[in-house]
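Please look over the sequence and the model shown below before reading on.

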Amino acid sequence: MTSGLDVLLVCDDLENSPDLVSGLKSSGAGNVFTASIDDNVLKILSNKIVDLVVLDVAKPTMNLFEQFAVVQAYCPKPVICFSDDRDSNVIAQSVKAGVTAYIVDGKSPDRLKPIIEVAMLRFNQCQAVKKELAQVKDKLSERAIIEKAKGLLIEHKNMSEDQAYKMMRKLAMDQGKKITVIAHEICDVIAAIA
Amino acid sequence: MIGDMDLLKVLLVDSDSARSALLSQALQDQGYKVIARVKPGANLLATIAKHRPDLVVIDTESPDRDMLESMSLLNQHNPMPVVMFVDEDNDVVLREAIRSGVSGYVARNTDPKRVRSIMQVAIARFREYQALKDELYQTKNELEKGKLLQKAKSLLMKHKKVSEDEAHQAIQKLSMDQNKSVAEVAENIISVLEIGI
């Protein structure tokens, strides 16, 4: 399940990274790219496709988590964070920033494999819920815009509900557009003339 | 100093091993209140319901099918953070455990000093994931409610020859008069009018 993963390793101390790099490789990672905590992670991730991000940072800062909140918004990745910081606020912030696994003092190579597997599974589980939520929200706003357009047609064009809906559907078919696009256009036009 | 009342209550599920005793001690040292130690078994869910802990910690060599099923049911019906300390490192078991909804899965022997951060991460993650699932549930509900309302309105328009506006107002009035939610009123209208056809 975790063989051949491409990993981006971001550390605060690049001189100490070889241990973790070899640990990751013996736990199933394919390529391991390293970067410093001062690099622009978002930029690196937009140029390189990786399966997993590993942070090795003794004291994670707010700044770092803010960067990862942006990463989660634009190109969600499973993120494992190894740290020495047991502060409960830092832990809470890391979870909010989308860190999949936050691990204190647990970097020993024989632990890495199950940690990576748990992180990958959990990330996928979470992404599935997020995806479903986005779809349901889309449907909800589609319904809202169609209802709004129908209401405007009924009010301004003296149509019945049925006529309004049929007209939108016909426009959508004739123009080869989605009915929500037509609904948007109707709302815009009627708002402009009303 | 936090009072006893504020301590998170932990139900520890273990096989009474020496290691479990260490874990129990570590939990108490780290500020958790271990309200009960129980052995894994068929009535685990009933035991959890009886003790009403804030979270469940499981210490096991390897979780068996019964336990994973119990955790999956717990996750569906009475979600709470579950942290599992497991001896062996087995891909299949690991996958099943995550699927059953455990918030923390720790393979192999654990240094007692790490217990606190493991628990905190598991609780934070549980809350985050639960919030996401709640949002999904509520959004689905809203969508469902919108569909019901629309259907009830259409049925009223067809059977009572009223305008959409009148249908909408009728449903709102019923909801206020009967002190029921709009969705409930809509459901009633649908069941009456659909049977009446």
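A:A73 is exposed, because its relative accessible area is 57%, where exposed means over 50%, buried means under 20% and partly exposed lies in between, computed with a 1.4 Å probe on protein chains only. This residue belongs to helix α3 (residues 62–74) of chain A; helices (H or I, at least four residues) and strands (E, at least two) are DSSP runs, numbered from the N terminus. From C-alpha to C-alpha, A:A73 and A:G98 are 9.2 Å apart in space, while 25 residues separate them in sequence.

The model is predicted, so that local features need pLDDT of at least 70 and side-chain atom pairs count only at pLDDT 80 or more, whereas totals for chains, interfaces and linings use all residues. Residues are numbered from 1 along each chain as its sequence is written, chains are lettered from A and ligands numbered from 1 in the order in which they are written, and side-chain values use heavy atoms, with hydrogens and water left out.

Two further residues deserve a look for their backbone angles. A:N158, although it is not a glycine, has a positive phi of about 55°, and this residue is found in the loop between α5 and α6 (161–175) of chain A. A:N158 counts as exposed because its relative accessibility is 69%. In chain B, the phi of B:R52 is near 45°, again a positive value in a residue other than glycine, and B:R52 lies in the loop between α2 (44–51) and β3 (55–60). B:R52 is also exposed, with a relative accessible area of 65%.

On a 1 Å grid over the protein atoms alone, a cavity is a set of points where a 1.4 Å probe fits but cannot get out, and a pocket is an open set with protein on both sides within 12 Å along at least five of seven lines, while lining residues have an atom within 4 Å of a point. Grid points are joined across faces, edges and corners, and a volume is the space filled by probe spheres set on the points.

How many cavities of 30 Å³ or more does a search of the whole structure find? The search finds two, and the largest cavity holds about 330 Å³ of space. Its lining has 20 residues, of which A:I103, A:I115, B:Y105, B:V106 and B:R114 lie nearest the centre. The second largest cavity holds about 40 Å³, and helix α3 (residues 65–77) of chain B gives the largest share of its lining, three residues.

The largest pocket has a volume of about 500 Å³ and is lined by 27 residues, of which A:C126, B:R125, B:E128, B:Y129 and B:L132 lie nearest its centre. The largest share of this lining, nine residues, comes from α5(B).

Finally, consider the nonpolar cores, each a set of buried Ala, Val, Leu, Ile, Met, Phe, Trp, Tyr and Cys residues joined through side-chain atoms within 4.5 Å. The largest core has 25 residues, of which B:I48, B:V56, B:I58, B:M71, B:M84 and B:Y105 touch the most other members. Apart from it lies another core, of 22 residues, including A:L8 and B:V121.
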